[in-house]
Amino acid sequence: MASLSEEVLLVVKKVRQRKQDGTLYLMAERIAWGPEGKDRFTVSHSYADIRCQKISPDGKAKIQLQLVLHTGESSTFHFSNESSALKDRDAAKELLQQLLPRFKKKANKELEEKNRMLQEDPVLFQLYKDLVVSQVISAEEFWANRLSMNNTDQSLFNHKQEVGISAAFLADIRPQTDGCNGLRYNLTADIIESIFRTYPAVKEKYGENVPHNLTEKEFWTRFFQSHYFHRDRINTGTQDIFSECAKQDEKGLKSMVVQGVKNPLVDLLSLEDKTLDEGYGVSMTPSTSNSNKTVKENSNSAIIKRFNHHSAMVLAAGSRKGDATTDQTSETSSTDGNSRDSDFFQPPIKKVRLQEAIEYEDLQRENGSKTVALNLKKSDRYAHGPVPLQSQQYATSQDIINSVNCIRHEMTNYKPNLTQAVSSSTASSAIAALSPGGVLMQAGAQQAINQMVPTEIQGELKHLYTAAGELLRHFWSCFPVNTPFLEEKVVKMRSNLERFQMTKLCPFQEKVQRQYLSTNLTGHLEEMLQMAYNKFHAWQTRRMLRKT
């Protein structure tokens, strides 16, 4: 059944599958069907594996929903509830219409990644042809753990640069007339991401209403029709779902004004327009009442306020992600980019600003040597080092000198006696062993065998070793077998090994023996497979004894 962490989006009861009553479940990543009275799913399809959905035509006696997979297989569900069959089918269909496009993009990305890996690695491509194309194992078993391993390797040295937000991204959304007194906005994924990053309140409203209350098209239509988007308007009588967003932005703008700019080298008051300078005896006190302001002045102040808030949010969106990645526990940075850490950990802000103004990194002398990060694509080569020395007694230099002097003394008194050094029988046996075809000349014969085998046969044998190693890696990874999933996998991998031996190894061995040599070139491969068979037989024997 569904795991505890799976989110169930829709449950439809009284759904038949192959003339058997059951319940249909639409979850976050898959759709599943389980028969009544049982606690397991007999039909389960990931959304990424579904190519399309089909429904029965209107007026047909049976209200059905058919799922067509990428493999060509299909599953048909019959909604048998007489009172709400059509309603249940339409609810499942609409939810699938929203979920399938998301996982279709994910499936396309995985397919592109698989094609890229096969094109860049000829050995992997040959292994794919030997195992998957010849139907020794399935494609899912072949790609298991390979995509995740490749993604972790890629993430070590492929870092996507974060693109900044343009201050004029809202101005770039230019509406077009549709010919019926209406406007059409063309939104791209980059524009939507910029809106979400700049205005988190809009992203929060999107998550609350889409797709539960509104479709994505209806949400953006209301956004562009709302007062929140047209905040330069004076009349605010229209109430919509974005009214709270404007209130939150108003509070945020007030907090920014109260907080001020923490850069001591920036004086915003110096930018204020003054008719008379200080010392002329005239004090211009701004009026606090709004009654004397005209409608035009209110409109202008609203536009200026919106520009200031938009600029502040764009700056905050650029610094928000950097602050989150550098320190998860620190407070969010202010709009001018200054952190709020205490002076105990950092020097005073004014001192830092002065250093930034007078010091340039390009003119600084490099104090330390640059280091290069170690990026290991094949960690086994790096981990394989020299063999450690065994504990034994080592001779000192004086012992070696004494030994040399002793040998030199014995050699001065040495008189050779060649007639009694080796017996005639021992000499004849040594000559026979060192003659071609002798016991000690097997290495030379083996070298001749290697030279006799063509390079095509050697390459084919190498491919067999690679394929057998891949199958045996899956087989030995199942031990210790402590879960039902591993039990099912080890049985399947044992049958895959037998299929590989019958379809690949035996024909190659017969071909080599018939055309080239009588020597068994696949003996080592057969020993590896036999060890796996023995392990499987021992595990199966212990399993049967446990059951009895």
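Modeller: Before we start on helix pairs, a word on terms: axes are lines fitted to C-alpha atoms, for helices over the stretch in contact, and angles run from 0 to 180 degrees between N-to-C directions. Also keep in mind that this is a predicted model.

Biologist: Fine. How many helices and strands does the chain have?

Modeller: The chain has 548 residues, and 26% of them count as buried. As for secondary structure, the tally is 17 helices and 9 strands.

Biologist: Of the contacts between residues at least 6 apart in sequence, what percentage join residues at least 24 apart?

Modeller: Contact here means heavy atoms within 4.5 Å. Counting pairs at least 6 apart in sequence, the share that joins residues at least 24 apart is 52%.

Biologist: Let's do helices α16 and α17. Are they roughly parallel or roughly antiparallel?

Modeller: Helix α16 covers residues 484-515 and helix α17 covers 523-547; their axes lie 11 Å apart, at an angle of about 150 degrees. Angles over 145 degrees count as roughly antiparallel. So α16 and α17 are roughly antiparallel.

Biologist: And which hand does the crossing of α16 and α17 have? How many residues of the contact are nonpolar, polar and charged?

Modeller: The crossing is left-handed. On the α16 side the contact includes V490, V491, L497 and L505, along with E487 and R494, while α17 brings in residues including L529, Y533, F536 and W539. By class, the residues of this contact come to 10 nonpolar, 2 polar and 5 charged.

Biologist: How do α5 and α7 cross: oblique or roughly perpendicular?

Modeller: Helix α5 (residues 189-198) and helix α7 (residues 216-225) have axes that come within 14 Å and cross at roughly 60 degrees. The roughly perpendicular range is 65 to 115 degrees, and roughly parallel needs under 35. That leaves α5 and α7 oblique.

Biologist: Which residues meet there, and how many of them are charged?

Modeller: From α5 you have I192, I195 and F196, and they meet E216, W220 and F223 of α7. This crossing is left-handed. By class there are 5 nonpolar residues and no polar ones, and the charged count is 1.

Biologist: On to the backbone. Which peptide bond is cis?

Modeller: Most peptide bonds are trans. Look in the loop between α15 (455-476) and α16, where P480 lies. The bond with omega near 0 degrees is the one from F479 to P480.

Biologist: K14 and R18 both have a positive phi. Where is each found, and is each one exposed or partly exposed?

Modeller: Most residues other than glycine have a negative phi. K14, with a phi of about 55 degrees, is found in strand β1 (residues 8-16), while R18, with about 60 degrees, is found in the loop between β1 and β2 (21-27). Exposed means over 50% relative accessible area, so K14 at 47% is partly exposed, and R18 at 76% is exposed.

Biologist: Last one: is H474 buried or exposed, and which residues is it in contact with beyond its neighbours in sequence?

Modeller: H474 is found in helix α15. The cut-off for buried is under 20% relative accessible area, so H474, at 3%, is buried. Leaving aside neighbours within four places in sequence, the contacts of H474 are E141, A144, K489 and M493.

Note on methods. Residues numbered from 1 in each chain as written. Predicted model: local features only at pLDDT ≥ 70, side-chain atom pairs only at ≥ 80, totals over all residues. Heavy atoms only, no water. Helix = DSSP H or I, 4+ residues; strand = E, 2+ residues; numbered from the N terminus. Buried < 20%, exposed > 50% of the residue type's maximum accessible area, 1.4 Å probe, protein only. Left-handed = near helix turned anticlockwise from the far one by under 90°. Nonpolar A, V, L, I, M, F, W, Y, C, P; charged D, E, K, R; others polar.
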